[in-house]
2 protein chains.
Amino acid sequence: MAVPTKLESPLRPLQWRGGTDGHLELLDQTRLPTEVVRLACRDVETLWEAIRSLRVRGAPAIGCAAAYGAVLAFQSASRGSAAEWMEAVERGCKRLAESRPTAVNLFWALDRMRRRAESLRGAAARDAGEALMAEAHAIRDEDAAMCRAIGRHGAELIGDGVGVLTHCNAGALATSEYGTALALIYAAHEQGRRFKVFADETRPLLQGARLTAWELQQAGIDVTLICDNMAAQVMREGRIQLVVVGADRIAANGDAANKIGTYGVAVIAHAHKVPMYVAAPRTTFDLSTPNGAAIPIEQRGADEISHGFGRVTGPPGVACYNPAFDVTPAELLAGIVTERGIIRPVNRETVSKMLSEKG
Amino acid sequence: MAVPTKLESPLRPLQWRGGTDGHLELLDQTRLPTEVVRLACRDVETLWEAIRSLRVRGAPAIGCAAAYGAVLAFQSASRGSAAEWMEAVERGCKRLAESRPTAVNLFWALDRMRRRAESLRGAAARDAGEALMAEAHAIRDEDAAMCRAIGRHGAELIGDGVGVLTHCNAGALATSEYGTALALIYAAHEQGRRFKVFADETRPLLQGARLTAWELQQAGIDVTLICDNMAAQVMREGRIQLVVVGADRIAANGDAANKIGTYGVAVIAHAHKVPMYVAAPRTTFDLSTPNGAAIPIEQRGADEISHGFGRVTGPPGVACYNPAFDVTPAELLAGIVTERGIIRPVNRETVSKMLSEKG
């Protein structure tokens with residue numbers, strides 16, 4: 001179908017339909033921006049494929065989707081014994097944990113669902129199903145609240161008349177709604193500020209072109225699409241006063257893993273004295289990872305580069321190198337915007353302080 | 001047709017077929033790497049369109065093609081009076097000068113052909129045709145000789161076991177043969193050195209993926225294709241010891257205009273202490289341009305970004321910013337490899353000294 005001018009507001013990439021016997025509906029992000037297709041996930045394998053194939057992507061959205069995945073796993077054995085549904089949830093969570101290697105939210109959400117299931121040992125299947133459903137909804141609602149809070153804390157960074165560069169998609173489509181990096185933009189927009197957003201297209205999968213430009217356009221925000229290699233020139237021309245991106249995992253010292261190309265943007269922003277912020281909820285931090293060097297980087301297939309967009313873009317058989325993420329060292333970040341406030345400057349101590357705050 | 005494993009060697013993107021009444025044959029570079037299609041240019045308009053549409057591209061190749069274009073212009077009035085063919089050459093050169101705005105070789109080659117035509121005032125049409133033909137062949141042959149000399153001077157920069165990053169295509173396909181930046185690579189390869197080349201795909205038109213990776217693969221050189229935004233990560237991983245690129249125009253102070261993204265690569269290379277060299281013949285220098293700020297930057301259409309590869313890659317109607325070139329300041333360059341030797345360090349004095357050398 002053609003893209004309607006306006007979709008539902010706020011834009012939500014995932015929604016549970018029905019009760020404990022319902023299903024998870026995903027906006028298939030591989031079909032944007034030309035088609036709005038909704039995908040019904042009624043079992044763990046369909047969801048595993050959807051996460052693996054980036055139909056749902058963005059660390060927080062993957063976390064929410066995986067939480068609902070635990071409910072789908074439960075459903076598959078809800079008529080069995082307690083041991084059986086417990087085993088099904090365990091197996092489903094294990095399977096979903098193998099869908100993507102880098103996003104810490106995935107593991108976090110699955111652990112939380114697994115722990116909730118553990119706590120239900122001995123409960124009736126019906127009660128357990130409702131409790132797991134409620135837990136998944138809570139994860140989603142907390143994510144939405146976190147995104148709103150990130151927007152509130154970070155909106156101050158976007159003054160009237162500035163240019164903001166973002167890379168990849170850390171927007172509504174990457175979360176339950178509203179986004180992390182784009183939460184600042186939505187919040188500043190809601191506060192009536194006027195500014196210009198530049199979106200890196202973000203090769204190889206073009207999340208910036210297909211998703212960020214699309215969702216900002218939907219929201220009526222002034223957005224200009226550029227190729228990744230134009231960011232330096234756009235900065236040199238003085239068009240950018242702020243860079244804001246999301247993160248897939250942040251180490252204890254503030255080093256942040258995000259979509260490939262983020263590190264290059266950080267180096268370029270630093271050279272042009274443009275402050276760069278990461279926006280991410282506290283669940284994106286992984287204190288068991290001391291620094292960026294300890295973050296595993298997913299390597300993806302050559303075809304994403306050599307056969308982009310259903311066309312052959314490179315010569316047959318050419319070798320490609322395709323790291324899906326890179327790590328931006330903390331010293332290149334002006335700050336990290338969390339749902340509790342801004343970590344600034346970014347180092348082991350300030351990260352630790354922000355994460356230990358209660359609430 | 002499918003791409004044959006080996007094409008003629010050396011690879012030539014343009015060749016004149018026949019005598020003064022012959023035509024220019026171009027390898028249509030918009031069809032690579034999936035199809036090898038040769039385009040016959042029998043008039044100025046066909047060539048104008050071919051230059052405009054990047055069927056022939058790369059500053060030196062455009063210069064050679066334009067020189068032959070003056071012969072095509074002459075042909076159109078070769079049966080007329082001396083005033084008529086003189087006027088036809090003048091008009092043809094003027095038209096071809098409007099095909100692309102940035103490449104100084106284009107203007108240089110057309111000026112040279114125009115001056116040659118001027119010098120033939122009073123000559124018989126047949127003699128004039130042969131003289132113009134000879135002049136165009138001389139421009140091509142001098143270009144080929146310059147490329148070989150650049151390779152000889154620059155090959156020393158590529159030691160055994162190094163990784164070399166290049167951006168866009170400054171190879172055989174961008175010149176009459178052998179290339180400028182890639183001349184170093186071909187020369188080092190011919191000298192038996194073993195090394196690894198990383199080719200930026202070079203959005204939006206993918207000259208790196210379609211052309212550089214293809215021609216290096218044809219030559220049996222170890223080449224790995226990456227997306228533009230991966231260059232920083234590849235450098236951080238220690239895989240790159242040298243960056244070498246071409247140039248479309250170099251100002252008197254050594255500031256170099258080249259394909260968009262080159263400046264970003266320079267900033268990133270500088271941050272990683274990787275030396276970056278430009279390779280270009282002395283005709284690429286424009287001493288009437290004092291510095292990079294005075295180089296006009298061609299802006300191209302939004303469709304190249306939002307409708308890449310025959311597919312919609314951005315949302316309908318999205319604004320795009322598409323500068324085709326950027327300028328790398330001289331201070332980010334370790335040197336400029338010319339056919340006379342390496343300018344190192346790069347500044348107004350060293351540029352002036354190299355250009356004033358006779359021979």
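Good morning. I begin with one contact in chain A: the side chains of A:Arg148 and A:Glu177 meet in a salt bridge, with 3.2 Å from N to O. Please keep in mind throughout that this is a predicted model.

To place that pair, consider how chain A is divided. The domain assignment gives domain 1, covering 2–148, and domain 2, covering 154–356. The C-alpha centres of these two domains of chain A are 25 Å apart. Between domain 1 and domain 2 of chain A, four salt bridges are counted. There are also eleven residue pairs in polar contact between these domains, both residues being at pLDDT 80 or more.

Which elements of chain A give two or more residues to the side of domain 1 that touches domain 2? They are α2 (59–75), α4 (104–119) and α5 (125–154) of chain A. Of these, α5(A) gives the most, with six residues. By class, that side of domain 1 holds 24 nonpolar, six polar and eight charged residues.

In chain A, 38 residues of domain 1 are in contact with 37 residues of domain 2. The size of an interface is often given as the accessible area lost when the parts come together. For domain 1 and domain 2 of chain A, the buried area is about 3,100 Å², with 56% of it on carbon and sulfur atoms.

I turn now to the interface of the two chains. Here the contact takes 54 residues from chain A and 54 residues from chain B. About 4,300 Å² is buried between chain B and chain A, and carbon and sulfur atoms give 66% of that area.

How many salt bridges cross the interface of chain B and chain A? The rule finds two. A:Arg203 forms a salt bridge with B:Glu201, where the closest N and O atoms are 2.5 Å apart. Polar contacts between chain B and chain A come to 22 residue pairs, again with both residues at pLDDT 80 or more.

On the side of chain B that touches chain A, the elements giving two or more residues include α7 (207–218), α9 (262–271) and β6 (223–226) of chain B. The residues on that side of chain B comprise 30 nonpolar, 15 polar and nine charged.

Finally, strand β6(B) also takes part in pairing between the chains. Strand β12 of chain A, residues 319–320, pairs with β6(B) in the parallel sense over two bridges. Within β6(B), B:Leu225 is the bridge partner of A:Cys320. Thank you.

Terms used:
Residues are numbered from 1 along each chain as its sequence is written. Chains are lettered from A and ligands numbered from 1 in the order in which they are written. This is a predicted model: local features need pLDDT of at least 70, side-chain atom pairs count only at pLDDT 80 or more; totals for chains, interfaces and linings use all residues. Side-chain values use heavy atoms; hydrogens and water are left out. Domain bounds come from an automatic or database domain assignment. Contact means heavy atoms within 4.5 Å. Buried area is the accessible area (1.4 Å probe) that two parts lose on being put together, summed over both. A polar contact is a pair of N or O atoms within 3.5 Å; within protein, one must be able to donate a hydrogen and the other to accept it, and residues adjacent in sequence count only if both atoms are side-chain atoms. Helices (H or I, at least four residues) and strands (E, at least two) are DSSP runs, numbered from the N terminus. Ala, Val, Leu, Ile, Met, Phe, Trp, Tyr, Cys and Pro count as nonpolar, Asp, Glu, Lys and Arg as charged, and the others, Gly among them, as polar. Two strands pair if DSSP finds at least two bridges between them.
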